[in-house]
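Thanks for asking me to take a look at this one.

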Amino acid sequence: MRFVSITCEQREAMLAVVGAKTVDALFEDIPPAARLERPVDLPDGMSEIDLARHMRGLSARNRHAGDTVVFAGAGCYDHHIPSVVDHVVRRPEFFTAYTPYQPEVSQGTLQAIYEYQTMVCELTAMDVANASMYDGATAFVEAALMACRLTRRSRVLVAGSVLPEWAQALSTYASSGLFEAVTVPARGGAVDPGLVRESITEDTAAVLVASPNMWGCLEEVGALARAAHDGGALLVVAANPVLLGLLEPPGALGADIVVAEGQSLGGSMSFGGPGLGLFACRSEHLRQLPGRLVGRTVDVDGSAAFVLTLSTREQHIRREKATSNICSNHALNALATGVHLCALGARGLADIARASMAKARYLRDGLIASGRFKAPWERPFGYEFALTFDGDLSGMRDRMMERGYLAGVPMPSPEGETVVFAVTEKRTRQEMDAFIREVGAL
């Protein structure tokens with residue numbers, strides 16, 4: 001959007017309408033101490049050509065994924081996005097639409113959401129999914145709130161292996177007094193189901209865990225489900241949707257609510273956002289589902305039609321009955337995810353997960369063989385893994401960035417500071433070999 005300044009004549013016309021003779025008179029109700037009594041200290045304006053050149057120069061100072069070999073993840077991943085995704089989401093019918101309040105004129109958007117919901121259910125092995133949340137972290141919090149409503153309890157256990165940003169989002173909501181969040185410590189790369197079982201009390205609503213977790217390790221979801229259910233609590237699992245194309249889904253392992261960050265399915269990294277929160281649950285919990293849900297019916301002519309079937313939002317029902325104050329969903333991001341999954345198909349998604357996992361093991365073995373890294377534990381993992389570095393970790397990452405590598409994400413652990421590497425299907429053997437060689441020579 002280009003800025004076009006008003007003319008002097010337009011300014012005088014506006015002042016006349018409000019009854020002020022000058023701009024200073026317009027602001028005379030503001031106390032003098034709060035007013036800037038000197039000209040704004042800004043440089044002279046530029047021509048459009050000079051300004052465009054200046055902005056390109058500023059942009060060139062950033063490093064971006066296109067000219068960097070990315071070995072970082074921690075919730076935001078450098079996956080390939082098929083060109084068909086952008087072609088579809090940039091269509092004006094989708095790109096300019098805000099939200100489908102009027103079903104009769106929003107059939108395309110509603111059908112896209114309906115198909116997205118169906119694919120989320122298939123991925124997670126759950127019965128029902130909503131139209132999406134803002135991101136994975138807020139979906140994680142909404143799952144905790146939903147569990148408290150369902151069980152009429154007010155305490156949740158959160159695994160200490162959850163991403164720090166997600167745990168912080170949960171803590172922020174808990175500080176309101178709506179529920180209590182208690183962290184169960186993790187050691188050896190995962191949380192101990194036995195410790196979780198011991199920590200469950202009669203007021204525990206849910207156990208919240210991420211698998212893979214902050215270090216890329218897979219948690220014992222089945223054992224955690226049994227521990228939660230034996231104590232009358234629900235199990236909430238945050239998953240990686242790409243890995244769900246290959247691994248057994250949380251729903252088949254006993255999870256009651258499954259959430260995920262959907263950026264890796266058709267979303268660019270874009271400096272960390274916007275993301276997309278996947279949210280799915282079992283059918284018996286449908287009435288407490290946050291956000292909204294699109295359903296399929298038939299119109300008066302017997303043709304298929306799509307409508308907002310459930311929307312327990314405070315904009316639609318009495319505030320005290322609302323399940324959440326989320327005011328919309330990330331429909332465009334959900335559309336990108338749907339298109340991405342359609343383009344890949346079940347076999348394509350499994351191939352990407354399999355390739356990413358194989359390449360992650362290749363890089364991990366090579367880094368350990370270099371002598372500069374050690375494995376703090378041996379646990380099953382997806383396509384992220386944690387290592388400790390023999391030396392200055394921050395300095396290593398800075399030097400590797402100068403050479404064009406984003407060398408993992410520092411992540412604390414009870415065993416000491418680790419660096420978590422992510423390897424997607426985009427990485428080549430040449431890139432990994434070069435990285436191993438160069439980091440080993442530091």
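1. Let's begin with Ile30, which sits in the loop between H2 and helix H3 (48-60). Helices here are DSSP runs of H or I with at least four residues, strands are runs of E with at least two, and both are numbered from the N terminus. Ile30 counts as partly exposed because its relative accessibility is 36%; buried means under 20% relative accessible area, exposed over 50%, and partly exposed in between (1.4 Å probe, protein chains only).

2. A word on the ground rules: this is a predicted model, in which local features need pLDDT of at least 70 and side-chain atom pairs count only at pLDDT 80 or more, while totals for chains, interfaces and linings use all residues. Residues are numbered from 1 along each chain as its sequence is written, and side-chain values use heavy atoms, with hydrogens and water left out.

3. The largest nonpolar core has 108 residues, of which Leu235, Leu363, Leu367, Phe421 and Phe435 touch the most other members. Helix H7 (residues 136-151) gives the most to this core, with 10 residues. Such a core is a set of buried Ala, Val, Leu, Ile, Met, Phe, Trp, Tyr and Cys residues joined through side-chain atoms within 4.5 Å.

4. Leu367 is worth a click: setting aside residues up to four places away in sequence, the residues it touches include Phe385, Phe421, Phe435 and Val439. Contact means heavy atoms within 4.5 Å.

5. Ala360 lies in helix H11 (residues 331-369) and counts as buried because its relative accessibility is 0%. Beyond neighbours within four places in sequence, Ala360 contacts Phe381, Gly382, Tyr383, Phe385 and Val423.

6. Finally, the overall picture. The protein has 13 helices and 17 strands, and buried residues make up 46% of its 442 residues. Its C-alpha trace spans about 75 × 65 × 50 Å along the principal axes.
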